[in-house]
Amino acid sequence: MRRIQALLATLAFAAAPVLAQNKGELQPLPAVPPPPPEMAPFDAALEPEVTIIKREGNTVEEHRINGRLFMIKVTPEHGVPYYLVDRKGDGNFSRETMGNPDVAVPMWVIGTF
């Protein structure tokens with residue numbers, strides 16, 4: 001019983017500053033400032049258009065900007081997804097895995113749980 005009384009006394013002591021606040025001294029927050037004038041408005045043409053195609057168990061995502069194909073993501077039914085990226089804009093795609101075209105990561109499964 002004494003423990004409960006001590007706990008209630010401690011809680012009341014800790015809550016006293018909160019209860020003692022004067023609500024009349026509160027001030028409203030300042031208004032949100034407008035965005036900077038040099039900030040460009042949203043341009044929907046810069047957003048990539050994504051077309052998703054299912055082929056023989058694989059999922060192919062074609063990413064285009066202004067109608068130009070710049071990246072293809074291939075997700076095999078069984079395996080690791082990879083990207084084909086047109087870095088120079090000349091129509092030649094290079095395969096990339098995890099962002100680096102020069103790294104060949106081993107892709108065999110050692111064990112599953």
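Modeller: Before we start, one term: two residues are in contact when they have heavy atoms within 4.5 Å. Keep in mind, too, that we're looking at a predicted model.

Biologist: Okay, let me try that on Val 74. Which residues does Val 74 touch, not counting residues up to four places away in sequence?

Modeller: Thr 59, Pro 81 and Tyr 82. Val 74 sits in strand E3, and it counts as buried because its relative accessibility is 9%.

Biologist: Let me zoom out for a moment. How many helices and strands does the protein have?

Modeller: One helix and five strands. Going along the sequence, the pattern reads α-β-β-β-β-β. Of the 113 residues, 12% are buried. The accessible surface comes to about 10200 Å², and carbon and sulfur atoms account for 62% of that.

Biologist: What share of the contacts joins residues at least 24 apart?

Modeller: Take the contacts between residues at least 6 apart in sequence: 2% of them join residues at least 24 apart.

Biologist: Now the strands. How do strand E1 and strand E2 pair, parallel or antiparallel?

Modeller: Here's the general idea: in a regular strand, side chains alternate between the two faces of the sheet. In this model, E1 (residues 49-55) and E2 (residues 58-65) pair in the antiparallel sense, over seven bridges. To get your bearings, find Thr 51, which stands opposite Glu 62 in E2.

Biologist: And the turn in between? What is the phi of Glu 56 like, positive or negative?

Modeller: The background is that most residues other than glycine have a negative phi. Glu 56 is not a glycine, yet its phi is positive, at about 45°. Glu 56 belongs to the loop between E1 and E2, in a hairpin with two residues between the strands. Glu 56 is exposed, since its relative accessible area is 81%.

Biologist: Where is Asn 66 found?

Modeller: In the loop between E2 and E3. Asn 66 is another non-glycine residue with a positive phi, about 55°. At 58% relative accessibility, Asn 66 counts as exposed. Its C-alpha atom is 7.9 Å from that of Pro 48, which is 18 residues away along the chain.

Biologist: What about Arg 68, which residue does its side chain meet in a salt bridge?

Modeller: Asp 86, with 3.7 Å from N to O. Arg 68 is in strand E3 and Asp 86 is in the loop between strand E4 (82-85) and strand E5 (94-96), so this pair ties together parts that are 18 residues apart in sequence. Arg 68 counts as partly exposed at 43% relative accessibility, while Asp 86 is buried at 7%.

Biologist: Then there's Lys 73. Is Lys 73 buried or exposed?

Modeller: Buried, and yet Lys 73 has no salt bridge. The nearest side chain of opposite charge is that of Glu 61, 4.5 Å away. Lys 73 is found in strand E3 (residues 68-75). Leaving aside neighbours within four places in sequence, its contacts are Thr 59, Val 60, Glu 61, Pro 81, Tyr 82 and Tyr 83.

Biologist: Last feature, then. Which residues make the nonpolar surface patch?

Modeller: Ile 4, Leu 7, Leu 8 and Leu 11, and the patch covers about 420 Å². Leu 7 is a handy one to click on: it is found in helix H1 (residues 2-19). With a relative accessible area of 52%, Leu 7 is exposed.

Notes
Residues numbered from 1 in each chain as written. Predicted model: local features only at pLDDT ≥ 70, side-chain atom pairs only at ≥ 80, totals over all residues. Heavy atoms only, no water. Patch = residues over 30% accessible without salt bridge, like charges linked within 9 Å, V, L, I, M, F, W, Y side chains within 5 Å. Areas by Shrake-Rupley, 256 points an atom, 1.4 Å probe, with all protein chains shown as cover. Salt bridge = Lys/Arg side-chain N within 4 Å of Asp/Glu carboxyl O. Helix = DSSP H or I, 4+ residues; strand = E, 2+ residues; numbered from the N terminus. Buried < 20%, exposed > 50% of the residue type's maximum accessible area, 1.4 Å probe, protein only. Lys, Arg positive; Asp, Glu negative; His and termini not counted. Pairing = 2+ DSSP bridges.
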